[in-house]
Amino acid sequence: MIIGVGIDVVDVARFMESIERTPRLREKLFTPAERDLPPSSLAARFAAKEAIAKALGAPGGMHWHDATVHRVVGGPPEVEITGTVAARAEELGVRTFHLSISHDAGIASAMVVAEG
């Protein structure tokens with residue numbers, strides 16, 4: 001059963017300008033495993049986290065660090081959730097996230113289906 005769907009699109013250059021203007025933003029938005037990725041991958045992960053939040057109904061109080069997107073060679077990216085994100089997913093009955101991310105021509109995008 002589909003619990004929620006989320007999508008987000010990010011302009012990579014504009015996103016990186018924000019990161020450069022506010023250096024602590026990188027630490028706020030990304031887990032240590034994500035922080036050193038190239039700009040297009042960072043923007044794609046930000047889009048993924050936004051899409052995850054939307055799939056969960058975009059409630060307030062969720063923490064950025066409670067969702068990590070892992071690259072899987074030869075397969076779709078995986079979502080690891082903890083804390084506030086895991087609590088909301090459990091509340092809604094989400095058992096699996098299906099995530100697709102892409103980046104091309106200066107745009108990063110992500111689409112998530114939360115399945116229960």
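Three salt bridges turn up in a search of the whole structure, a salt bridge being a side-chain nitrogen of Lys or Arg within 4 Å of a carboxyl oxygen of Asp or Glu. The model is a predicted one, in which local features need pLDDT of at least 70 and side-chain atom pairs count only at pLDDT 80 or more, while totals for chains, interfaces and linings use all residues. Residues are numbered from 1 along each chain as its sequence is written, and side-chain values use heavy atoms, with hydrogens and water left out. Helices (H or I, at least four residues) and strands (E, at least two) are DSSP runs numbered from the N terminus. Buried means under 20% relative accessible area, exposed means over 50%, and partly exposed lies in between (1.4 Å probe, protein chains only).

**Salt bridges**

- Lysine 54 and aspartate 8 meet through their side chains in a salt bridge of 2.9 Å, N to O. Because lysine 54 lies in helix H3 (residues 39-55) and aspartate 8 in strand E1 (residues 2-11), this pair ties together parts that are 46 residues apart in sequence.
- Lysine 54 counts as partly exposed at 37% relative accessibility, whereas aspartate 8, at 11%, counts as buried.
- Glutamate 34 and lysine 49 form a salt bridge of 2.8 Å, N to O, between their side chains. Glutamate 34 lies in the loop between helix H2 (24-29) and H3, and lysine 49 lies in helix H3, so the pair ties together parts that are 15 residues apart in sequence; both residues are buried.
- The side chains of arginine 88 and glutamate 91 also meet in a salt bridge, at 2.8 Å, N to O. Both residues lie in helix H4 (residues 83-92), three residues apart, which is about one turn of the helix.

- Arginine 45, found in helix H3, is buried yet has no salt bridge, and the nearest side chain of opposite charge, that of glutamate 34, is 4.7 Å away; here Lys and Arg count as positive and Asp and Glu as negative, while His and the chain ends are not counted.
- Leaving aside neighbours within four places in sequence, arginine 45 is in contact (heavy atoms within 4.5 Å) with Phe30, Glu34, Leu37, Val69, His70, Arg71 and Ile101.
- Threonine 68, whose place is in strand E2, counts as buried at 8% relative accessibility. Apart from neighbours within four places in sequence, threonine 68 is in contact with Thr31, Glu34, Glu78, Val79 and Glu80.

**Helix H1**

- In helix H1 (residues 12-21), the buried residues are Val12, Phe15, Met16 and Ile19. These residues cover an arc of only 95° around the axis, which puts them on the same side of H1; the arc is that of the directions from the helix axis to the C-beta atoms.
- Arg14 and Arg21 are exposed on the other side of H1, while the cover over the buried residues includes E1, H2, H3 and strand E5 (107-115).

**Helix H4**

- Val85, Arg88 and Ala89 are buried in H4. Seen down the axis of H4, the buried residues fall within an arc of 100°, so they line one face of the helix.
- These buried residues pack against H3, E2, strand E3 (78-81) and E4, and the face turned away from them carries the exposed residues Glu90 and Glu91.

**The largest nonpolar core**

- A nonpolar core is a set of buried Ala, Val, Leu, Ile, Met, Phe, Trp, Tyr and Cys residues joined through side-chain atoms within 4.5 Å. The largest one has 30 residues, of which Val10, Phe15, Phe30, Ile52, Leu56, Phe97 and Val112 touch the most other members.
- Two or more residues of this core come from each of H1, H3, strand E2 (67-70), H4, strand E4 (96-104) and E5, and the largest share, ten residues, comes from H3.
- Phenylalanine 97, leaving aside neighbours within four places in sequence, is in contact with Ile52, Leu56, Val79, Ile81, Ala89, Val112, Val113 and Ala114.

**Positive phi angles**

- Most residues other than glycine have a negative phi. Alanine 105, although not a glycine, has a positive phi of about 55°; alanine 105 is found in the loop between E4 and E5 and counts as exposed at 73% relative accessibility.
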